[in-house]
Amino acid sequence: MTDATSPRPTLKYDPAAIQAKWLPVWEELRPFATDDPDDKRPRKYVLDMFPYPSGDLHMGHAEAYALGDVIARYWRQQGFNVLHPIGWDAFGLPAENAAIKRGLDPRGWTYDNIEQQKSSMRRYAASFDWDRTLVTASPDYYKWNQWLFLKLHERGLAYRKASLVNWCPYDQTVLANEQVIDGRCERCDNLVVKKDLTQWFFGITKYADRLVDDLNQLEGTWPSKVLTMQRNWIGRSSGADVIFAIEGRDEPVSIYTTRPDTLYGATFMVVAPDAPLAAELVAEGSDELRERFDAYLAEVKAQSDIERLATDKEKTGVFLERYAVNPLTGERLPIWAADYVLADYGHGAIMAVPAHDQRDLDFARRFDLPVRVVVDVNQPVTGMIPVIPEGADLEDLPELDPLADGKALTGPGRLINSGPFNGLSKNNAITKITEALRSSGLGAPAKNYRLRDWLISRQRYWGTPIPIIHCPSCGEVPVPEDQLPVELPSAEGLDLQPKGTSPLGAAEDWINVDCPSCGGPAKRDSDTMDTFVDSSWYFLRFLSVGDDTQAFDPKQAEKWAPVDQYIGGVTHAILHLLYARFMTKVLFDMGLVSFTEPFSALLNQGMVLMAGSAMSKSRGNLVKLSDQLDEHGVDAIRLTMAFAGPPEDDIDWADVSPAGSAKFLARAWRVAHDVTSAPDVVWKNGDAKLRRITHRFLADAPGLVESFKFNVVVARLMELVNATRKVIDSGAGPADPAVREAAEVTAVALNLFAPYTAEDMWEALGYEPTVALVQWRKADRTLLREESVTAVVQVDGKVRDRLEVAPNIDDASLESLARASASVVKAVGDKEIATVVVRSPKLVNFVTKR
RNA sequence: GCCUCUGUAGCUCAAUGGAAGAGCACCUCCGUCCUAAGGAGUUGGUUGGGGGUUCGAGUCCCUCCAGGGGCACCA
């Protein structure tokens, strides 16, 4: 029926069939296992942020794991032994809330979801090492959370203190600062209130400097956006502590300022109304003053954070009828209490310099306080050179009157009204005045941080129990290491409803224990740990899953860690990454790891949107991953994720075409099936043009993958397939060796994006599975060279001629060729040539005299 | 308000300071009993606007416009 002239019957590309065909083969082959101790390949650790098992996988997971898998598969093709594990961040509120709602144990709900996600990931063909999974909710994981807690406790890095903490009235639990977004609970979006409670903290502020400084190591391999966010969050600033005497008080008061140069411009002092100092200062005042202060304090405390943070809010405050003394001038400064000064930053008190600080200026204008300019910003300086614009009329310079125009002068300048410091530049004055204060014992250089210690205790059930026993006679007693883990008791019979105290407190059999120290009756700590503790070190546990003698084996850490490439959403740009970085430094100090940063490189993938907005059930724009997989096949979805754009950009599902991806895969697949030559054909006899395209691709793709330009790789692959098709249909034909070569390269490259299709092509081309372990072929450099290139000849920048020349032509020959061109001669006419720019072999430009 | 990134074909993106390109989509044609798959081909641009540096600017500088992100009483 078929003869030479009729088209070959079109083969049917059936994604469902090839998925069913290859999945069991791979399960059998275990191509991604990393358990061979004799493996001599160099190592790479590629890690995707592990998922929270809140249901089946969704489009966001599909994107993240598609992109992470490109990287993992790529490094295998480059000859690396790639560790690419997966686990579950399985503790936390959603499981507990779901359990309450459905009357189930969080355990069952969590593990059911894990099973579902696991089977979806397998079908999705993510190249995970399935022998290295972990679940943070399992006792053999959280035992080591508890162990770490005890280690931090030993080092004074885990401690309990009473403080005003963020409290979510809906979830009935405390929250870390990091979990409060715009004054609202990160999880449930309800307004957060402040509560005075005794809670457990990790001393992350002790590491603040290192957490900032070590970010420099990550410059270039982490998104600069994330580095900025980390720096902002830690919020290091430097300046000076200045000691002010207080009239009628024995003890002086320290304030912190970043602008010691403006000390002569201080016209009043402000203390935080909720700081102990404020209460003390009014204690001896009139009844009327105390009443006014108490009313103000009550008002401030009643404010939600969201109200306090409103920047356009008018300044409020109360004059405390007391005075401080400027240590350099002896000037009396009235002391006010105002809520724009925070009790828990610096010393809870400031010197106010309204001329040079916008907040102080707003306050001064509101309460008619004096404003004195001490830095003349009309004399700005860079280094030693004044930069007043040349010819500027000094009379025309703007008046220095912040009181009138409401704008504080924050820029550089020279000091005025500052006694012996007049004439110094701002930066110079900062040094000089700080030094003057230090030598007379009135101050010292100081640093401050926005970062606060990490509040880790939670009054909820579904988390790691804190391994501390409270004994009436011995106090806080750590659970001895050999008694770990402190297992979470069954939820059965416990009321998990949030009520402000941990549900564990009601587990009588569990909470009451003998004190490990004195043997007397004692109680376990009933709080559980923030789940960010779990995820702060999980990347190390993957190296030693199943080891019940240690959290991780330092020798394995030496071998694999730190993570070479971490992949995850930008939503974790602050919280998770900061905590993992902190924990790594603690482990470094303990001598357990030899590195100080956990993730050498970070890739943030964007989100998957639908028609411009985030997908959600309530919006009714939810695209179900399982539907997409059923309709288009796994490979088409993975390819769509990679092709949609740069990984860090959001993908709008309304803008992409999974059907188009499937069409391309079918084309590629058919090309492989059209190949008629045998695997041992001699490449060099193949079509030269196609071979050049193939080898260009081989040469370019690695660099593109390594710079995460997956979309460009896919576009290049499409070009390659189109070119191959052309040779098959209207060129040298399907038997040409170049066609086979191109098809093989396509199969190997497609393994990155579409592993099922790639495997099936590989089989059609006559090879055994699995294509995932086939090495990337080196490009043949000699094929990349063009035998001739087009040189552009310009006259005065306008293209006048094009010349076909040898790629290695020298400047002189190219110039004389160009000079000989008729169109050049015509364009130059009788004008004189002034300059000739030669950039062989691509360009000659004759510039004429004008 | 401050800082920052990005504006190139309908969409997604390329282009060491040297000819403005690719993929997808669109359109036309071939093919087919019909439809679709499949194949061939053609369109498509003031590189957000303006100014500057340069022999030469998408690329460097200034400015404006638009969008994204971050920070926003942390002294």
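**Entry 1: the RNA strand**

I looked up Asp649 first, and found that one of its polar side-chain atoms lies 2.5 Å from a phosphate oxygen of RNA strand B. I count such a pair as a polar contact, which is a pair of N or O atoms within 3.5 Å; within protein, one must be able to donate a hydrogen and the other to accept it, and residues adjacent in sequence count only if both atoms are side-chain atoms. The model is predicted, so I note that local features need pLDDT of at least 70 and side-chain atom pairs count only at pLDDT 80 or more, while totals for chains, interfaces and linings use all residues; side-chain values use heavy atoms, with hydrogens and water left out. Residues are numbered from 1 along each chain as its sequence is written, and chains are lettered from A and ligands numbered from 1 in the order in which they are written.

I then listed the elements that give two or more residues to the surface near RNA strand B, among them α7 (224-234), α21 (658-674), α23 (710-730) and β36 (843-848). Helices (H or I, at least four residues) and strands (E, at least two) are DSSP runs, numbered from the N terminus.

Which element gives the most to this surface? I found that α23 does, with eight residues.

In total, 50 residues surround RNA strand B, and the closest are Tyr345, Arg359, Arg450, Arg802 and Asn845; a residue is near a strand if one of its heavy atoms lies within 4 Å of it. By class I noted 18 nonpolar, 11 polar and 21 charged residues, where Ala, Val, Leu, Ile, Met, Phe, Trp, Tyr, Cys and Pro count as nonpolar, Asp, Glu, Lys and Arg as charged, and the others, Gly among them, as polar.

**Entry 2: the chain as a whole**

I read off 28 helices and 36 strands for chain A, whose C-alpha trace spans about 110 × 90 × 50 Å along its principal axes. Of its 850 residues, 53% count as buried, a word that means under 20% relative accessible area, with exposed over 50% and partly exposed in between (1.4 Å probe, protein chains only).

**Entry 3: strands and their partners**

I looked at strand β15 (residues 349-352) and found both faces covered, with Ala349 and Met351 buried on one side and Ile350 and Ala352 buried on the other. In a regular strand the side chains alternate between the two faces of the sheet. Strand β12 (residues 268-271) pairs with β15 in the antiparallel sense over four bridges, and there Val271 has Ala349 as its bridge partner. Two strands pair if DSSP finds at least two bridges between them.

Elsewhere I followed β26 (residues 521-524), which is joined to β23 (residues 468-471) by two bridges and runs antiparallel to it; His470 stands opposite Lys523. Three bridges also join β25 (residues 512-514) to β26, and these two strands form a hairpin with six residues between them, where Gly519 in the turn has a positive phi of about 80°.

Most residues other than glycine have a negative phi, and most peptide bonds are trans.

Is Asp368 buried or exposed? At 71% relative accessibility, Asp368 counts as exposed.

Glu321 has a positive phi of about 60°, again without being a glycine; Glu321 sits in strand β13 (residues 318-325) and is partly exposed, with a relative accessible area of 39%. I also noted a cis peptide bond between Ala561 and Pro562, with omega about 0°, and another between Pro769 and Thr770, with omega about 15°. Pro562 lies in the loop between α17 (554-560) and β28 (565-569), whereas Thr770 is in the loop between α25 (755-764) and α26 (781-784).
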